[in-house]
Amino acid sequence: MKETRIDFTNMKGAIFDMDGTLTDSMPLWKNIGHAYLVSQGITPKEDLFSALKTLTLEESAAYFQKEYGINKTVPEILAGANDLLRDAYGHTVPLKPGAKDLLKKMKQHGIPMCIATATDQELAEMALRRLGVIDYFQFILTCRTGEMSKRKPYIFYELPKMLGTDPEGTWVFEDALHAAKSAKTAGLNVLAVYDASSKRNEEELRELADVYVESLEELL
């Protein structure tokens, strides 16, 4: 059974994922393709989610062009989807239980923290500001494509440098298996947080992580 207690006095830095870890926003991402097609007057096929789940936003836009005949450029499609996301991040996306109290606790211990997310920085800032937690973080970094993707360890080698922290004392808070693997490859500690969107990888994530929690409330 994984330990659910952390000695915050020995934690030198923390890198937080946002969606699925701090915010309960993965249902939004699961349904954004469906919502975009409906906004264009198109009825989505039943296999839409399975078709999109491994694609980037850019790849999803190209898929809509090919499979649904949307006569718009990839940037135009992304802009339309972004409008839907902006509304949700600006008004409805909530924090996960215990998130704000955990950040407050970590700040009291003087732990430098940052956000590393695949979400556009504008949307991330919008949500975190509305939720009253943006000031807990030194910076927000969007890491979606190329070497900056959390599917590769490069970003996790760089983030402790950006935070000014010792990698051995830096913790990554994540709900996604691929990001947790990259963080471990880079030699960082991983605290994995349960999210329904990662249910299929729960067993492997439990095994990989240094600490696994069902809820951030367990850390308070």
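In what order do the six strands of the open sheet sit, and is the pairing parallel or antiparallel? The order is β3-β2-β1-β4-β5-β6, and the pairing is parallel. This is a predicted model, in which local features need pLDDT of at least 70 and side-chain atom pairs count only at pLDDT 80 or more, while totals for chains, interfaces and linings use all residues. Residues are numbered from 1 along each chain as its sequence is written, and side-chain values use heavy atoms, with hydrogens and water left out.

## The sheet

Some ground rules for the names: helices (H or I, at least four residues) and strands (E, at least two) are DSSP runs, numbered from the N terminus. Two strands count as paired if DSSP finds at least two bridges between them.

## Around β2

Take β2 (residues 113–117): three bridges pair it with β1 (residues 13–16) in the parallel sense, and F16 faces I115 across that pairing. With β3, β2 again makes three bridges in the parallel sense, and here T117 stands opposite T142. To get from β2 to β3 the chain goes through α6, in a right-handed β-α-β crossover (with the strands pointing away from the viewer, the path from the first strand over the helix to the second runs clockwise).

Five of the five residues in β2 are buried, meaning under 20% relative accessible area with a 1.4 Å probe, protein chains only. That goes for both faces: M113, I115 and T117 lie on one side, C114 and A116 on the other.

Contact here means heavy atoms within 4.5 Å.

Over in α5 (residues 99–108), the buried residues include A99, L102, L103 and M106. Looking down the axis of α5, its buried residues fall within an arc of 100°, so they line one face of the helix; the arc is that of the directions from the helix axis to the C-beta atoms. Their cover includes β1, β2 and β4 (170–174). Just after α5 comes G110, with a positive phi of about 75°.

Notes
Buried < 20%, exposed > 50% of the residue type's maximum accessible area, 1.4 Å probe, protein only.
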